[in-house]
Number of protein chains: 2
Amino acid sequence: MKACGLVVEYNPFHYGHLHHLEQSKQETDADCMIAVMSGPFLQRGEPAITDKWSRARAALESGIDLVVELPAMFAIEHSDLFSKGAILTLRELGIDALCFGSEHGNIESFTEAADVYHEYQETFDAYLHEGLSAGNSFPEAARSAYRSIGLTEGEVDLSKPNNILGFSYVKQLMNYAPEVKATTIQRINNDYHDENITGNIASATSIRKELLRHGEMTEEAAWTLPESTQHMLLDYRRKTGMWHHWDYYFPFLHYRILTMSKHDLRKIHTVEEGLENRLKRVAKQANSFQELMEGMKTKRYTWTRLQRMFTHILCNTTVEEAQPLLSLEKIPYVRILGMNATGQEYLKKVRKHADVPFINQIQQLDEPLLEVDERAANAYYSVLPTPLKAEMIKQELQPPIRIHANNRPQA
Amino acid sequence: MKACGLVVEYNPFHYGHLHHLEQSKQETDADCMIAVMSGPFLQRGEPAITDKWSRARAALESGIDLVVELPAMFAIEHSDLFSKGAILTLRELGIDALCFGSEHGNIESFTEAADVYHEYQETFDAYLHEGLSAGNSFPEAARSAYRSIGLTEGEVDLSKPNNILGFSYVKQLMNYAPEVKATTIQRINNDYHDENITGNIASATSIRKELLRHGEMTEEAAWTLPESTQHMLLDYRRKTGMWHHWDYYFPFLHYRILTMSKHDLRKIHTVEEGLENRLKRVAKQANSFQELMEGMKTKRYTWTRLQRMFTHILCNTTVEEAQPLLSLEKIPYVRILGMNATGQEYLKKVRKHADVPFINQIQQLDEPLLEVDERAANAYYSVLPTPLKAEMIKQELQPPIRIHANNRPQA
């Protein structure tokens, strides 16, 4: 059985994802499509629109065979560490190929760029370090470091977000899983940051914006989403009364900042360079997440960086635990969220040769990486009404989702 | 000017407090009545029914001349430490007398008992230590230690809550302010733990129970409260939509427990003896504060002890900061909450000789004790709706309350 890995957030699963899934399957001729998916919090430092179980189920119902969780520690990081976590996880599942979406769409250009990168890595690292020390954001510093070794003038424009991410995958595959074949599919009909829905393939950003603005499944949103995703979103909202976003978390985040000493704040991952003083001052006057963000925003602290920091404050992720975890060169477990019959068969096959445990539920292991996941899940559920909150927390102790048919909705 | 100190919670100020205030004034012939009052959280580990500013104002409107805050670090402790904080604070204000309510009502019996205590202190301490090590609660262990040196058979029955508290005041006066004259007023018409209102002098417990059960000012509750307190309670409820109690704090407390590692929990003041494991387990299934308490309750962990622990978790009070603060032999500041003309005149007089700062607002000093107060205030306000929450947090930076007349309501 041949397996292809996808690195995803599915927030939520839409027709663009379906296109990517189908193209990847065709391109790699894989029997089993494996998604490593972010859990409760996403790369841009935001809560996912629904819990990971619902998102995993929607993906399985749209043709993914196996969904595993990207540990939260890596899921809320810049592209290089995000990719590292994803590749380390997929490697343990013995994938043959990885297929990512990119603006560019030509894998040779990525691998050639990666060769250049490896040749000039020292120069790159020096520029990156210099850029960060000068107070630039990671994307800015990386972009100018890429420029310094000629990687923005070449075929792959490393100023585009999905190219940057794709380039990180290629680099991390070279580092940790050189046996895996990298492929890419060109993204169609939308830009990563598109804010408006302009076709049935739209960016997740624009779909979320549409859903959250109206608080219901509009015709426009429905246009972009497979039926299974539509049902999932409606069920979740019926059950919980919400689609998650930062506003719900503001009371908890605010409470946390205001009951932490500056000493405590400095211990949180990514609270750096005296930010704790600004944080305390701004938090005292903020009446909403928006006000908190606007009070904190500077050229140096991008929106994404601040949102990640707030996620770490909310989830209580410390520098002390983050540093060794982000330096791992091998993932200590793979957490299975759900599978169909194909996924189950594949798992059965690879489990024999696996040298890390494949786990279902959060209490099977006493692992620092898993403890971060547990706290992130608990923080995520904290906004839910009673008694649903306790039910969702209990869900973390249940076996993974199994769906029996290999469904494929029509695009 | 002669000053008399009272140690109070005024949760809320009722006719029993008025009686005590008037009797104390008469008994000690004082010109200025000073109340050292608990702030946001109380000795039994509960949030106060309204914020401290409203409670201080009600006290001033009922004849108290000066209200100062008992630092939260001492306010949420067993009788000996609670009393220590109160006496250390009142000492800096140069009081001449202290007058407390007790079941017994005869000061000679207290001072004689204190003499016995000082003579047999080693025996007492050994019994207390033994009782605590055997897993008894502090009140139980103290009661049996008092028994061991004969202090339950004498005139003062040290199994009664207000006698225990009074005895702590007398002991701490001997330790820290032997120049202050101790006096006591016999409590009338009610028992500390009375749950029902049976006269216009009722226990604060029964009054709160009545108010919280009905969510409005009933005739029965009004019977026991001076008009100024009634207005204060109604205004507060109109403004905030609530009278505070633990149920409002449960989402925040629950979130905290579920996003702390066991390692973090062990660092919180009073989380001892492996309690962190039970805490995590019980919290996962609890849907309310009541369920959390019932899941944690054992013979060893009394209701009060658990509530204090939950207050420390909510306010993020660590062992590391608590230990040196509770060992202080001198209070580093006195925080003024409010005064009338008499209080202002008295303050002006004592300020000249004071050897610690008298402060108004929370940012005037960089003191660990004050930081605990700030966090307790912020935790207390966290349940308020926006934008009231930020307004109340700002109140902590304002000058104290001044009322211009020396009012005295009629009982």
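The buried residues of helix H14 of chain B pack against elements of both chains. From chain A come helix H19 (368-381) and helix H20 (388-395). From chain B come helix H12 (246-258), helix H13 (262-266), helix H15 (289-296) and helix H16 (303-315). The model is predicted. H14 of chain B spans residues 275-285, and eight of its eleven residues are buried, so the helix is largely enclosed by the rest of the structure. The buried residues are B:Leu275, B:Glu276, B:Arg278, B:Leu279, B:Lys280, B:Val282, B:Ala283 and B:Lys284.

Two copies of a chain are related by a rotation about an axis and a shift along it. Here, chain B can be laid on chain A by a turn of 180 degrees and a shift of 0.0 Å along the axis, with an RMSD of 0.0 Å. That is the relation of a two-fold axis. In chain B, the C-alpha nearest the axis belongs to B:Phe252, at 3.3 Å. The copies meet through the same surface, because 100% of the interface residues of chain B are also interface residues in chain A.

Chain A has 20 helices and eight strands. Its C-alpha atoms fill a box of roughly 55 × 55 × 45 Å along the principal axes. A compact globule of 411 residues would have a radius of gyration near 22 Å; the 20 Å of chain A agrees with this. Buried residues account for 60% of chain A. Of the contacts in chain A between residues at least 6 apart in sequence, 76% join residues at least 24 apart. The accessible surface of chain A is about 15,900 Å², and carbon and sulfur atoms contribute 46% of that. Chain A carries 44 positive and 55 negative side chains, with the centres of the two sets 6 Å apart.

Some backbone angles stand out. Most residues other than glycine have a negative phi, and most peptide bonds are trans. The bond from A:Thr386 to A:Pro387 is cis, with omega near 0 degrees. A:Pro387 sits in the loop between H19 and H20 of chain A. In chain B, a cis bond joins B:Thr386 and B:Pro387. A:Asp29 has a positive phi of about 55 degrees. This residue is exposed, with a relative accessible area of 58%. B:Asn316 also has a positive phi, of about 60 degrees, but B:Asn316 counts as buried at 6% relative accessibility.

Conventions
Residues are numbered from 1 along each chain as its sequence is written. Chains are lettered from A and ligands numbered from 1 in the order in which they are written. This is a predicted model: local features need pLDDT of at least 70, side-chain atom pairs count only at pLDDT 80 or more; totals for chains, interfaces and linings use all residues. Side-chain values use heavy atoms; hydrogens and water are left out. Copies are superposed by least squares on the C-alpha atoms of residues with pLDDT of at least 70 in both. Contact means heavy atoms within 4.5 Å. Helices (H or I, at least four residues) and strands (E, at least two) are DSSP runs, numbered from the N terminus. The radius of gyration is taken over C-alpha atoms; the globule rule is 2.2 Å times the number of residues to the power 0.38. Buried means under 20% relative accessible area, exposed over 50%, partly exposed in between (1.4 Å probe, protein chains only). Accessible areas come from the Shrake-Rupley method with a 1.4 Å probe; for residues, only the protein chains shown count as cover. Lys and Arg count as positive and Asp and Glu as negative; His and the chain ends are not counted. The place of a charge is taken as NZ of Lys, CZ of Arg, CG of Asp or CD of Glu.
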